[in-house]
Protein chains: 4
Amino acid sequence: MVKISEGDTVTIWIDSKRIYLVKVRKNGQFSTDKGNIKFDEILGKEYGSFITLSTGAKAYLLFPSLTDMYYGLRRPTQVMYPKDLGYVIFTSGVKPGDIVVEAGTGSGFLTATLSHFVGESGKVYTYEIKEGFQKIAIENVSKIGLNDRVVFKLKDVREGIDEKEVDAVFLDMADPWNAIPHAYSALKPSGSITIFIPTVNQIEKTYFALKNTGFIDIHVEELILREYQVKEGAVRPKNIGVVHTGYIIRGRKYIKT
Amino acid sequence: MVKISEGDTVTIWIDSKRIYLVKVRKNGQFSTDKGNIKFDEILGKEYGSFITLSTGAKAYLLFPSLTDMYYGLRRPTQVMYPKDLGYVIFTSGVKPGDIVVEAGTGSGFLTATLSHFVGESGKVYTYEIKEGFQKIAIENVSKIGLNDRVVFKLKDVREGIDEKEVDAVFLDMADPWNAIPHAYSALKPSGSITIFIPTVNQIEKTYFALKNTGFIDIHVEELILREYQVKEGAVRPKNIGVVHTGYIIRGRKYIKT
Amino acid sequence: MVKISEGDTVTIWIDSKRIYLVKVRKNGQFSTDKGNIKFDEILGKEYGSFITLSTGAKAYLLFPSLTDMYYGLRRPTQVMYPKDLGYVIFTSGVKPGDIVVEAGTGSGFLTATLSHFVGESGKVYTYEIKEGFQKIAIENVSKIGLNDRVVFKLKDVREGIDEKEVDAVFLDMADPWNAIPHAYSALKPSGSITIFIPTVNQIEKTYFALKNTGFIDIHVEELILREYQVKEGAVRPKNIGVVHTGYIIRGRKYIKT
Amino acid sequence: MVKISEGDTVTIWIDSKRIYLVKVRKNGQFSTDKGNIKFDEILGKEYGSFITLSTGAKAYLLFPSLTDMYYGLRRPTQVMYPKDLGYVIFTSGVKPGDIVVEAGTGSGFLTATLSHFVGESGKVYTYEIKEGFQKIAIENVSKIGLNDRVVFKLKDVREGIDEKEVDAVFLDMADPWNAIPHAYSALKPSGSITIFIPTVNQIEKTYFALKNTGFIDIHVEELILREYQVKEGAVRPKNIGVVHTGYIIRGRKYIKT
């Protein structure tokens, strides 16, 4: 039985439209349009329990999940969605203990995801050139308690990657081809590279940069997620949804000679 | 520098259509339509290197990835695809050290995926009623060396789940509603349940079983993957592809009183 | 050279977001957020020309197309989208001179589409039970000048179809299975039936009603439209879009004995 | 009651996988893997009836529809699919009596579709540079009896379009931008242009050629069709399907000065 303690970040789930990531502090409180939550009322409660607000709405107190990040963290940059993050975690082969490199940091969502999956014994090196983004990313990753696994670097990845023998490299930037040779040098043989780009124009250049640099098993893919709404006797996809986030290009390093 | 050793399972990648998961044994060999590979030639080689076959084709020797499972392992049952596996790993919040329960085992692909992500400190309990499937799953998971993290159970999950306080439950079976109350009992409060079903008919019944048993944050979703083919000056989605595998339903347990 | 005349319905296209279907009357005017348009200024102008508004925006004067209906006509009911309308026109085999039956009329968008394609020598019989919808549909179809080809009936199609030997029947209603036997009686042998339904729950019942009543070549399909945005060097699908309107079920009547 | 006559082209539908377009001749016959059909047995039968073959399979005798073209006509070139054909017919505004221009003719599927919808009072001018394709297209369109409405031209559309004041132009060719100025000259003001291209590389160049030549209301779209399979208690999308045919770009001509 795990109880909510001072300093914990808790997911407060009110209904399917309202999910908050809240750091709980003694004497503090949190306001929602369904009523206020005094933190002293929830300190010591078990994760998974709920309280009833003044409006009658129930506020469920959950242990934060990765998908909760999308509702509770700041998102100044366009980010990969859960559908994309899950897929690249799977196809990249990232696992507990891995050393991975990422650029740019952006809002830190992929950083948080990677640090979640490499675990305490792994490490994420993340490159960013804009100090403002890095600051927000540090706040975001810290809020969910994963910052110890991350090294935030204020450096242009196009000028080189300092790490060697890394398990996987992830690039989410406008001109990935300029970082691909550095990624090749940083990677272990057989290690994976994963690139996320928003436009069709970047596909061809990225693909051939990978092929010519020394990658095989190159795939260009995109994922479309459809959400369904369920009412009794009336199940159907939601009418409006996100139809595009970006294209995912991935490959594996081989030893050229 | 990691070298290929006796007993290793190696991915042999010949071109994008041919990926094999091969257990390397002294004096053994492996035949492909591009030529034979004598294992003594590749023992001691570095992962990521390649050899040239009699036909001139190059055979790249890679460290096996999760996606390689789709080409090299036996698949007697319909399985979740990488797009589905990645998404459920992400949304379920599974992480290193987690204790998870799964039913049915089937070909063991979700079993392998879960054991990859929970790491050495985690554990996967997987239920199956058909001995034949369990046998193949054990072979599959063993081939990629993850069997130490898995407890294979020959038991009907609809009669109960023995484990308690588990982090996540995964159900891939025809009548998930019969296992949902057991999943509720087995889960930690705030823990996640993930269900995979192939037909629209199962959506409504599963959804309301979750809602009535004590789950919130319930989502019904499906993923469509589009693969692109890249030629110089001619980038486009592949014409034919997989357009359906199944629907993913997920939720989180709350404490009802 | 076709000029705009008193009483014409003209499409006024201001930019990709603003399309109006406007009936032009002497001394009248039309207000937009980009400036006012006095009808006397556009009477006598050629279709395809433009005028410049007080804000500097250009207002293009076009001959109304079927897709303009979506912007300029009233839509009190959920309607089929151009992607759906185009597909059912094609697969139903509707052609100039055809006699078709439709129920329910709704906002009259399918009515307008059918009357466009059957031409002056064809006829559309459309059934509706709600007088309010019928009134709006008559206004809509009249505005684009196709009402002479349509017979609007205030009658429940579930109680029978008066017409015989019709080329095609279209059903867009909650319980199509109650109209299918009447559709069978009304159709020519080899004629087509097309049914539009929004939820997955209706698929199976509709399918087997068709099969058991005397239809073959039955298909259940849905269409997803993706729109692209084009900027120089940055082509990509729009991020948000319509991901679901409904399912299309179609078949052809055969003579049972 | 319409009966099958000597010289008719009949759709023979055996099951959902076997659809033939067959020209019926006295004393002739047609062989299928389900048994032979002697034409004398079906001459005089009503459209919509069926006969029972030696294997017990039923062969339904239907009036040919546009979708039957996909099974019974020769397709040496990649063609637009029903989903694409229906959409462009709708968005182009083509109607009975229209004069339309098309290039290239290819296998004649769009030609057949256009001639179906413009009716007896309309006309389709279709340009092709390869004599072999034109020959097949003439055969195809003749087989379904629509050749009287079509003028087949062996001419390179990039060197000019002879027709003037046409209602709509359709281009399905590798370098549509070279035909766009000719299309502009041929079209009525307010008339529509529709272009079909298979790769993402062609999108941007085509879009800006339209914009710069004098078209507005330009849209770039693609359609994804999902087919469902229905069994009792088991409705779901088919697993494998066509996920890409091409992109559709459309616009309307305006008078530039």
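Predicted model: local features only at pLDDT ≥ 70, side-chain atom pairs only at ≥ 80, totals over all residues.
Local features need pLDDT of at least 70 and side-chain atom pairs count only at pLDDT 80 or more, while totals for chains, interfaces and linings use all residues. Residues are numbered from 1 along each chain as its sequence is written, and chains are lettered from A in the order in which they are written.

Chain A is divided into domain 1 (9-62) and domain 2 (69-253), with bounds from an automatic or database domain assignment. Their C-alpha centres lie 31 Å apart. In domain 1 of chain A, 5 residues are in contact with 6 residues of domain 2 of chain A (contact: C-beta atoms, placed from the backbone, within 7 Å). Strand 2 (residues 18-23) of chain A gives the most to the domain 1 side, with 4 residues (strands are DSSP runs of E, at least two residues, numbered from the N terminus). By class, this side has 3 nonpolar, 1 polar and 1 charged residues (nonpolar: Ala, Val, Leu, Ile, Met, Phe, Trp, Tyr, Cys and Pro; charged: Asp, Glu, Lys and Arg; polar: the others, Gly among them).

Between the chains, 51 residues of chain B are in contact with 51 residues of chain A. The largest share of the chain B side, 13 residues, comes from strand 12 of chain B. The chain B side has 28 nonpolar, 12 polar and 11 charged residues.

Strand 12 (residues 215-231) of chain A pairs with strand 12 of chain B in the antiparallel sense over 9 bridges (pairing requires at least two DSSP bridges). Leu223(A) stands opposite Leu225(B) in strand 12 of chain B.

Notes:
Contact = placed C-beta atoms within 7 Å.
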